[in-house]
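Me: I would like to go through this model in short questions. Please show it first.

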Amino acid sequence: MRHVTQLRIGPVGFRVGSDWRQPIAALQDLYRDYPAPEDGIPDFNVHLFAARPWRRVLRPAVHIGGDFVMPGAAPLPLAQGLLAAEMGMNLQMALGQRRYLLLHASAVERGGKALLMTGLSGAGKSTLAALLMARGWRLMGDEFALIDPDTGLVHGFPRLISLKNEAIRVAQRALPKARFGPLLEGTPKGTIRHLVPDAAAIAAMARPAVPALLLFPSFGFEAGEREVLPSEVFVRLTQASTNYVALTERGFTALADLVRTVPARAIDYPDTATALAQVERLWSAL
Amino acid sequence: MTSGALLVGALREPVSTIGLSPAQWTALLAIARAEQLIGTLGYRLHGMPVPAPVARILEEARHSAEQGRTAALWEAEMARRALAPVGIAVILLKGTAFVAAGLSAGVGRSIGDLDILVPHARIGEAEAALLAAGWEWVKPDAYDDAYYRRWMHELPPLIHRERDRMIDVHHTILPLTARITPDAEALIADSVALGSELRMLSPPDVLCHAAAHLFADGDLAGGLRNLWDIHCLVEEWGTAGLHDRARLHGLAPAVARAMRQAHRLYGTAVPEEWRGWTTQDALYRHRLLARDGWGRPTRRLTRLAFYMRGHALRMPPAMLARHLVTKWRKGHAPG
């Protein structure tokens, strides 16, 4: 591949190669404070490539490949090359990660304890993670939380925070000094802008935390809160995990332990201020 | 050195990996994944001193292979249960047979679909029994479906609606359009019991099938894995009876080529008669090793040539032309 960069996010090393300079330059800029893969050997490879040589220059379309691929994924325009790289890294995790139980969740940490938030797309995971980071929580990630089956600890995966549509303005207001990526308009998920995790999140990304609270947030409802039964938590988390089945008994045991030991709450919220107050109240009541 | 050669070297001589640079390790792992040999590599290098990230990746690969083994054996058992009531014995082929028989070729092997062999006369019954047990047709395309039924050595692939696993039901081991017609009745008659109501081909027939799969059918994609199967089978069983059996099936040239390539690439202990080397063999080797340091296929022209060769072996010229035009109009591009 013509252009290459390597980086480590949490415990996972990546090598990203591209037929174009732009996506690699964007990664190198936004991930400039991240370390290299351990011993220079990445866990996963991502390829951003043109399906035909002339498509490098003529109506360039970025195809996403790698060690693990999903057939039939549509290419992205070159202007969204950074998004393609991020999607490529997420795809390797979702399809290839076997060391940790993956939960599609955002995670923040305070005092060595982790708050995990999971829910469908649009529930507000990324926004809440960004806002909690603005209030001094350590960001562990807005996409995947990694549960170590051997220890039960949560490992962070603090890649760029992917903010969508209205969340972009909300985060910019809360974090005026933060670094943001380019505004990517017209993506399959609307307008996207990436937020670089703060220095504390990057410095501590190798430090795991004890899971302390599981939240299932839902945006767009009157403020409310309820306990969630372990059976429901278990089913929701199996659905939120891309590799639960692949991990077989290790995955089941890790998930069952998590459900048994960590309290779970569902919260409904009409606006982010309400959600943040709910989080702080639940956290202090632990 | 190409990445393909890097992988062959690591499988053949695990100590050769001592002192690999980080870039070489990265390339080795990428191509092992691309060739679906990462699990095999995981077992071959088990216990070797390797860098920490490599140790973790190979550990995961062993775990995945172990899970794949369990799933493959379960799928075989499901097929057995589906076909037992109609009295059709399930003869396992390829990877599932290797793990069911506990062969070294099955250690760490990635296993995709379940491949089974049933008598041609009973293929309709087998299909009906599988459909009744929850398998469904995959190919929505009428041309593909008709093509399979008329010309192929297997039913159109079926997938199980709950387990999401594919089954290929063969009635012989090469397409009916190919010039070579292996003796399917002999394959079935000489199959051996696995001790669990499942069966597999006799050792020489397993080798004939592996060689046919590699050199008489298809374009050699995934060839390093198939050749590794052959290496392990020969190391475990030897080649007794192989010569005659290959002649019976019309597969003597394919078997001879498989032996020469296995000997050359993996150092397989094959009899003297199978140790030659031709200019054509060099071309095959060139094709087998065509990977770059990212695990991506290289040597586009070589691959295209083998793609065309694969199809030319499968069917007569006029039929091939018709088939390729139909496929091309449906938007299929070669390799």
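Me: In which sense do β2(B) and β5(B) pair, parallel or antiparallel?
Reply: This is a predicted model, so local features need pLDDT of at least 70, side-chain atom pairs count only at pLDDT 80 or more, and totals for chains, interfaces and linings use all residues. Residues are numbered from 1 along each chain as written, chains are lettered from A and ligands numbered from 1 in the order written, and side-chain values use heavy atoms, without hydrogens and water. Strands are DSSP runs of E, at least two residues, and helices are runs of H or I, at least four, both numbered from the N terminus; two strands pair if DSSP finds at least two bridges between them. β2(B), residues 114-117, and β5(B) share four bridges, and the sense is parallel.

Me: Which residue in the turn between β4(B) and β5(B) has a positive phi?
Reply: β4(B), residues 158-160, pairs with β5(B) in the antiparallel sense over two bridges. I159(B) has M166(B) as its bridge partner in β5(B). The two strands form a hairpin with five residues between them, and the turn residue with a phi of about 60° is D164(B).

Me: How many residues of β5(B) are buried?
Reply: Buried means under 20% relative accessible area, exposed over 50%, and partly exposed in between (1.4 Å probe, protein chains only). β5(B) spans residues 166-170 and is largely enclosed by the rest of the structure, because the buried count among its five residues is four.

Me: Which strands stand at the edges of the sheet in chain A?
Reply: Five strands form an open, mixed sheet in the order β1-β2-β3-β4-β5 of chain A. Each edge strand has a single partner, so one side of each is left without a neighbour in the sheet; these strands are β1 (3-9) and β5 (76-77) of chain A.

Me: What relative accessibility does R59(A) have?
Reply: R59(A) is in the loop between β3 and β4 of chain A. R59(A) is not a glycine, yet has a positive phi of about 40°. R59(A) counts as exposed, because its relative accessibility is 65%.

Me: What is the phi of E197(B)?
Reply: E197(B) is in the loop between β6 (192-193) and β7 (198-200) of chain B. E197(B) is exposed, with a relative accessible area of 59%. Most residues other than glycine have a negative phi. E197(B) is not a glycine, but its phi is positive, about 65°.

Me: How much area do chain A and chain B bury between them?
Reply: Contact (heavy atoms within 4.5 Å) takes 27 residues from chain A and 21 residues from chain B. Buried area is the accessible area (1.4 Å probe) that two parts lose on being put together, summed over both. Of this area, 53% is on carbon and sulfur atoms, and the value is about 2100 Å².

Me: Which residue of chain A forms a salt bridge with R56(B)?
Reply: A salt bridge is a side-chain nitrogen of Lys or Arg within 4 Å of a carboxyl oxygen of Asp or Glu. The rule finds three across the interface of chain A and chain B. For R56(B), the closest N and O atoms are 2.9 Å apart, and the partner is E38(A).

Me: Which element gives the most to the side of chain A that touches chain B?
Reply: β2 (12-18), β3 (44-49) and α7 (248-261) of chain A each supply at least two residues. The element that gives the most, with four residues, is β3(A).
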